[in-house]
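Here is a short walk through one protein chain. Keep the structure open beside the text and follow along.

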Amino acid sequence: MKLIKGEIISNKKIGEGLYKMTIFSPYIIKHSLPGQFVNIKCSSESTIDPLLRRPFSIHDIEPDFKVFSILYVLKGTGTKYLSKLSSGDIADFIGPLGNGITLQENENNNFLLIGGGIGVAPLFFLAKTLSAAGKNVFFAAGFKDNNFLLFEKMLQGLKISYEIYSENGTHGKKGMITDLVIERADDFKKYDIYCCGPINMYKVLQNIFSLKSIKAKALFEEIMACGIGVCKGCVMKFKNGKDGYIYKTICKDGPLFDLMEAIFE
Ligand SMILES: Cc1cc2nc3c(=O)[nH]c(=O)nc-3n(C[C@H](O)[C@H](O)[C@H](O)COP(=O)(O)OP(=O)(O)OC[C@H]3O[C@@H](n4cnc5c(N)ncnc54)[C@H](O)[C@@H]3O)c2cc1C
Ligand code: FES
């Protein structure tokens, strides 16, 4: 992990309030794993608002060009600032942060990646890595509408299978991505499963998987402050022992956790 200033190669709007920023950084290319994130300074030298850096998952890396990308949605001051940056500007960030996903821990050949909304961002990097390693990848993505049409184009560039659901039926099948998981839960028992999405998606997946005794890992995207395990501003409750629980920091202990261990309140 290092404090880095990298040149922005492009910052394109790819949907309504949805952007892809590509940044030059040989260090991130060399050291990052899928699931890790960078903490980006989202204010100019002359202001301190917002004071805290903002976390964004590493969405893609292109080793030939020494660039990595983030995919981000407009939320507030920080992301609005990012959206105004352009090619030639400098991004000031710390990374790579968090515990990433190593392929050595997975001997399985079949991987199911379940993404909800902007949760698809880190799973793309994982899908690309798994596909390059010759694994069978099935990417299940769920969106509200058709704002992620260009994301589907990116998926088409990978040699993987995928299915898209949207709540209003304007992109892929109509429904929630969890509908697909319910329908195919028995098939998915032979897959290693990674998910990233909103808490409501995690609650439903936890129910489905606990009924079917399926294990899954999840990337959590809690609101953060320091991003390095110091402030304890990003803690979540996890099971500990038979009836106990402990708090873990998303930024340092995570963001990757066993989905079935998470306690949602
Ligand atoms: C490990 C990690 C990885 C992330 N990866 C991505 C990513 O790849 N792409 C992306 O678009 N976003 C990602 N996020 C969320 C992103 O960090 C927030 O959207 C961003 O910090 C908002 O900053 P802002 O200044 O624009 O909004 P703020 O002004 O800080 O907040 C605006 C609104 O957004 C809400 N908000 C802030 N942070 C979050 C959050 N973490 N989750 C949900 N709501 C939030 C606030 O409660 C508020 O309502 C990630 C978060 C974490 C912790
Ligand atoms: S954000 Fe400070 S401990 Fe995680």
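Start with the overall form. This is a predicted model. The chain has 265 residues, and a compact globule of that length would have a radius of gyration near 18 Å. The chain has 18 Å, so the two values agree. Along the principal axes, its C-alpha atoms fill a box of roughly 55 × 40 × 35 Å. Six helices and 17 strands make up the list of secondary structure elements. Of the 265 residues, 40% count as buried. Now consider contacts between residues at least 6 apart in sequence: 65% of them join residues at least 24 apart.

Next come the domains. Domain 1 covers residues 2-94, domain 2 covers 109-214 and domain 3 covers 220-265. The centres of domain 1 and domain 3, taken over C-alpha atoms, are separated by 24 Å. These two domains touch: seven residues of domain 1 are in contact with five residues of domain 3. On the domain 1 side of this contact there are four nonpolar, two polar and one charged residues.

Now look inside. The largest nonpolar core holds 68 residues. Leu113, Ile114, Leu123, Phe139, Ala140, Cys195 and Leu205 touch the most other members. Helix α3, residues 120-132, gives the largest share of this core, with eight residues. Take leucine 123 as an example. Neighbours within four places in sequence aside, leucine 123 is in contact with Leu113, Gly115, Phe139, Tyr194 and Cys196.

Is threonine 129 buried or partly exposed? A residue needs 20 or more other C-beta atoms within 10 Å to count as buried. Threonine 129 has 19, so it is partly exposed. Leaving aside neighbours within four places in sequence, threonine 129 is in contact with Pro34 and Leu103. Valine 67 is 62 residues away from threonine 129 along the chain, and their C-alpha atoms are separated by 15 Å.

Turn to the ligand. Which residues come nearest to ligand 1? They are Ser57, Tyr72, Gly76, Gly78 and Thr79, out of 24 residues around the ligand. By class, the shell has 15 nonpolar, five polar and four charged residues. Domain 1 and domain 3 each supply at least three residues to the shell around ligand 1.

Some details of the backbone deserve a stop. A cis peptide bond joins glycine 95 and proline 96, with omega at about -10 degrees. Proline 96 lies in strand β7, which spans residues 90-97, and glycine 95 is placed in strand β7 as well. Glycine 95 counts as buried because it has 26 C-beta neighbours inside 10 Å. Which residues does glycine 95 touch, not counting those up to four places away in sequence? The list is Met1, Ile4, Ile28, Gln36, Phe37, Val38 and Asn39. Threonine 22 is 73 residues from glycine 95 along the chain, and 15 Å separate their C-alpha atoms.

Another cis peptide bond joins glycine 254 and proline 255, where omega is about 10 degrees. Where is proline 255? Its place is in the loop between β15 (244-249) and β16 (256-258).

Two lysines close the tour. Phi of lysine 66 is near 60 degrees, a positive value in a residue other than glycine. Lysine 66 is found in the loop between β5 (60-62) and β6 (67-73). With 17 C-beta neighbours inside 10 Å, lysine 66 counts as partly exposed. Lysine 232 has a positive phi too, near 60 degrees. The loop that holds lysine 232 runs between β13 (217-219) and β14 (235-240). Is lysine 232 buried or exposed? It is exposed, because 12 other C-beta atoms lie within 10 Å, and a residue with 12 or fewer counts as exposed.

Definitions and conventions:
Residues numbered from 1 in each chain as written. Chains lettered and ligands numbered in written order. Predicted model: local features only at pLDDT ≥ 70, side-chain atom pairs only at ≥ 80, totals over all residues. Helix = DSSP H or I, 4+ residues; strand = E, 2+ residues; numbered from the N terminus. Near = placed C-beta within 6 Å. Nonpolar A, V, L, I, M, F, W, Y, C, P; charged D, E, K, R; others polar. Domains from an automatic or database assignment. Rg over C-alpha atoms; globule rule 2.2 N^0.38 Å. Core = buried A, V, L, I, M, F, W, Y, C linked by C-beta atoms within 7 Å.
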